[in-house]
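Here are a few friendly notes to read alongside the model.

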Amino acid sequence: SWEIVLKEKHKDMLHLLQFPYNGEPPKRLVTDKPVTPNPLHFVRNHGGIPDIDPVKWDLKIDGLVKNGTTLTLADLQNETLFPRVTKLVTLQCSGTRRIEQISLYAGEGDEMINAPWAEGAIGTAKYTGVSLKKVIKHCGGLVDGGKHLEFYGADTYFKHSEVMNYAVSVPWSKVKANEVLLVWEMNDEPLPKIHGFPTRVVVMGYIGARSVKWLYRIKALDKPTRAPVQSKEYLYFNQQVGKFNQLPTFGIQIQEMPVSSAIMEPWTKQVVIHRGSIKVKGWAYSGGGRWPERVEVSADGGFSWYVAPPENMSKKHKFAWRTWEMDLPCEVEGWIEIVARTWDNSLNTQPLEIRSAWNWGLHVTSSCHRIKIYSVN
Ligand code: MTE
Ligand code: MO
């Protein structure tokens, strides 16, 4: 699978882990374009990269559906059966910016266990495929009691003393809202191997973990799946649970991501020479179909805030991030702390400090991003 990494990913990707492969784009390229080029999209894998023949590939749909069936890629792409949809969607790993939590509290070796993601475990692409709702309707809908859809990926991994396929589930209500797609194109190209070729799930507005790659089976269930990725991982714990007491029953399953943002320019410890204003760039995103309405940036550690130009902030593409940039007024000379804070359209905003939304699972670092720079005015 390393050959696939070299072939499909940008040469400057930061390789966080060679196997299973995990990588994110370097800081200077994360928000270079509002739509992330495929070679620069982050990659999160739990196992290897399956090699699937698209002609032999099929999708089994079973469980609590009226008429279980098996569909080929040609069936999914048959527009007389399923209308084709194209959507601009941001996928964000719930581990984004985990490195800030690691640097604050984690112990020795923890950065090896948890991929030490920075601000680049997020990417935005135009996906083409079909709405899963239409596919389930094609199967006659769910039978009574069918409430969740479980997705199986063809990759296997070893964890909790078992070898298993990657599997997670989402509620039917999410599918019914036409917010779950089965896609085969990413930015007008066939899905790259590393991103799930030939077909993956895209669950809009949920954490990346639900968007199963190398999909081969969908099973309708009465409850969320008990598969470990859903039930034991990707949980949000309260701080008092403690590092060594993370029992699944104490955690909340993470689905929609909260509002968050990151500063991509300047960089921490950079010496910035300017004439009264500093160019600041970044991204802002909110889960669940909420969108960033306002980005504010502070040059004094979060006491006074300036609003970034709001051109980009609209309901359009509500499942995608916003990239933003502004000239931040700054008269001081010396070390300053720049902070970004986003408000979404429900007026949710980000906690000011990492500690105020601490999660021992090291997922969802949604506090205001802070960087220290040396200002020369
Ligand atoms: N699907 C399969 N089959 N195997 C995986 O390891 N990782 C998930 C999700 N889908 C994963 C998967 C996680 S945690 C994330 S964040 C996204 O894929 C990342 O998608 P990407 O690698 O295309 O960026
Ligand atoms: Mo993830």
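How much helix and how much strand does the chain have over residues 253-374, and how far apart are the end C-alpha atoms?

1. Over residues 253-374 the chain is 0% helix and 43% strand, with 40 Å between the end C-alpha atoms. Helices (H or I, at least four residues) and strands (E, at least two) are DSSP runs, numbered from the N terminus. UniProt, in an unreviewed entry, lists residues 253-374 as "domain: Moybdenum cofactor oxidoreductase dimerisation"; its positions follow the numbering used here, feature names are shortened, and annotations may be inferred rather than shown by experiment.

2. A word on the model: it is predicted, with local features needing pLDDT of at least 70, side-chain atom pairs counting only at pLDDT 80 or more, and totals for chains, interfaces and linings using all residues. Residues are numbered from 1 along each chain as its sequence is written, while chains are lettered from A and ligands numbered from 1 in the order in which they are written.

3. An automatic or database assignment gives domain 1 (2-233) and domain 2 (260-376). Their centres, taken over C-alpha atoms, are 28 Å apart.

4. Where the domains meet, 25 residues of domain 1 are in contact with 21 residues of domain 2 (C-beta atoms, placed from the backbone, within 7 Å). On the domain 1 side, helix H2 (27-30), strand E6 (85-92), helix H4 (98-105) and strand E7 (122-131) each supply at least two residues.

5. Now to ligand 1: among the 18 residues around it, His46, Cys93, Gly153, Tyr166 and Gly208 come nearest (near means a C-beta atom, placed from the backbone, within 6 Å). Strand E3 (43-44) and strand E8 (148-159) each give two or more residues to this shell.

Definitions and conventions: Contact = placed C-beta atoms within 7 Å.
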